[in-house]
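Please read the following paragraphs with the sequence and the model side by side.

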Amino acid sequence: MDNRRKKKLTFFTIGLIFFLSGVEYAVILPTIWRYLQTLNAAPYFLGLVLSAFSFSGLLSGPLFGHWSDRTGTTKKILLFANLFEIVGNFMYFMEYSKWLLLSSRLVAGIGTGAGSSIFGFLTRITAAEDRATVFAAVMACRQLGLLIGPAFNIFLRLCDFHLGPFVVNKYTAPGLFMCLLWVLLQLAVVFMYWDLPHLERGRVQEGSTSRNREEDSDEAKPLMGSQEAVASNPTGNQSFAASSVMPNHISPPSSPLPSQALESSSPFNNFSISREFLREEVVVLLAAQFITLFNQTALETMVTPLTQKFFGYGELENSVMYSLCGVEVIAGFLFVRWLSCRASDRAVLAVGLTICNIAGVWCLIFLANPLGGFPWQLTEFIIGVFLQVLGLPFVAVAQVSLFSKVTAEKTQGFSQGVRRSVGGLATILGPLWAGGLTENMYIMLGVMAALLALLTKSQGHLTLGLVLDLLSSDEDPMVQMQQGP
């Protein structure tokens, strides 16, 4: 089989993995609240169960990422991680007690840690100028799963029979259904996934056009201007460029000496966590990951109790609502995919944060204490959810693309694992925050809006710092921005 076909099948399998992760979320979330009620669980248990899934993913992400960086492969990691998804979803199906349900989400969450290996893999096989487009396509696959997932609930909610000692009903059927889908995915990874060779950065740079050079030099630089000289080093001093971890997609054109090759056999030689992650531009991007996912999961947690309280919605209505949100998010990712070819990642991030801030203010005003009768309350609710969902694709794609460019490429698996762990921490705290404050909406939504405002201010500070640093340089700022590696 030729390499081109292998690449297509590998990308298809990656898309399928993210698609199934979206389906799993979509078929379980609308019914898990009622499922817990049948097991006599207290209301706080909903946030606990939703957080458990993220907690195990938080721990497993860096481990799987480190594994992929060490070995340079991802196929075995995906096969191993997928076993946890299969076992966890079967445990969800068993309907024994609320504690088994909690354990099932802990086990299934371990499998999500393989996502860090996938993002590291994609970073190594794609050019920097194509990365945002590829990441947007992969994320859109998950949103497609979120869109189609609720449609499966339409027939899963009709299940009412016994399978040996187990009861198959509208609450347990999602677990059995996802268990079967993850088994099929295991076969897809075996037969349709290959560990593709890493992209040769030097060759890509030689063949890039001047337009791509200008864009790459801008995006590959750290957000803070103090290290701009590394990316735009006019002297071509290789020792100086190689001594910096930024930008990650620049490789010295000369071949390393045998001794240098031996020293660099491990990607973690001379690796420093503080040097890699405790830089302002990296911290801001990690904060963007945390705050957006914190707000998103908090909103998702409060939505089902809110719709039940004000509108009397059940599983079917919530499934339809999530489907409509999925349509909006997919359209958003497709638009961001188009926009990322025409605008910088920083511009996309700024647009997303602006929309998210508007959504936060709207929810604080109109959802904390809905005004008017049923039609007005429903309208306020729809607008609030629409705005919250609209900003997500912009922030999600921009921050992951920028993060891959301001961290070292050889340790992308580990770095992406850290990024996903920060997101996992957000998806743990978000449901717990919302689950404990359903009766204090002003506090819940006020803190969420304040976090967004703080993030927007930090992002604006970094962008302003870059501009001022360029203007104060001895070199012409426009020339410095346009210089390639």
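Asp69 counts as buried, because its relative accessibility is 6% and buried means under 20% relative accessible area, whereas exposed means over 50% and partly exposed lies in between, with a 1.4 Å probe and protein chains only. This is a predicted model, in which local features need pLDDT of at least 70 and side-chain atom pairs count only at pLDDT 80 or more, while totals for chains, interfaces and linings use all residues. Residues are numbered from 1 along each chain as its sequence is written, and side-chain values use heavy atoms, with hydrogens and water left out.

Asp69 forms a salt bridge with Arg124, and the closest N and O atoms of the two are 2.9 Å apart; a salt bridge here is a side-chain nitrogen of Lys or Arg within 4 Å of a carboxyl oxygen of Asp or Glu. Asp69 lies in helix H2 and Arg124 in helix H5 (residues 114-125), so the pair ties together parts that are 55 residues apart in sequence. Helices are DSSP runs of H or I with at least four residues, numbered from the N terminus. Arg124 is buried too, with a relative accessible area of 5%.

The structure holds 2 salt bridges, and one of them joins the side chains of Arg105 and Glu24 at 3.1 Å, N to O. Here too distant parts of the chain are linked, since Arg105 is in helix H4 and Glu24 in helix H1 (residues 3-38), 81 residues apart. Both Arg105 and Glu24 are buried.

Helix H4 (residues 98-111) also packs against helix H3 (residues 75-94), at an angle of about 165° and with the axes 7 Å apart. That makes H3 roughly antiparallel to H4, a label for angles over 145 degrees, where axes are lines fitted to C-alpha atoms over the stretch in contact and angles run from 0 to 180 degrees between N-to-C directions.

What makes up the nonpolar surface patch of about 420 Å²? Tyr44, Leu48, Leu425, Leu429 and Leu432 make it, and such patches consist of residues with over 30% relative accessible area and no salt bridge, with nonpolar side chains (Val, Leu, Ile, Met, Phe, Trp, Tyr) joined within 5 Å. Helix H2 (44-71) and helix H18 (412-436) each supply at least two residues of the patch, and the largest share, 3 residues, comes from H18. Tyr44, which has its place in helix H2, is exposed, with a relative accessible area of 53%.

Note on methods: Patch = residues over 30% accessible without salt bridge, like charges linked within 9 Å, V, L, I, M, F, W, Y side chains within 5 Å. Areas by Shrake-Rupley, 256 points an atom, 1.4 Å probe, with all protein chains shown as cover. Parallel < 35°, antiparallel > 145°, perpendicular 65-115°, else oblique.
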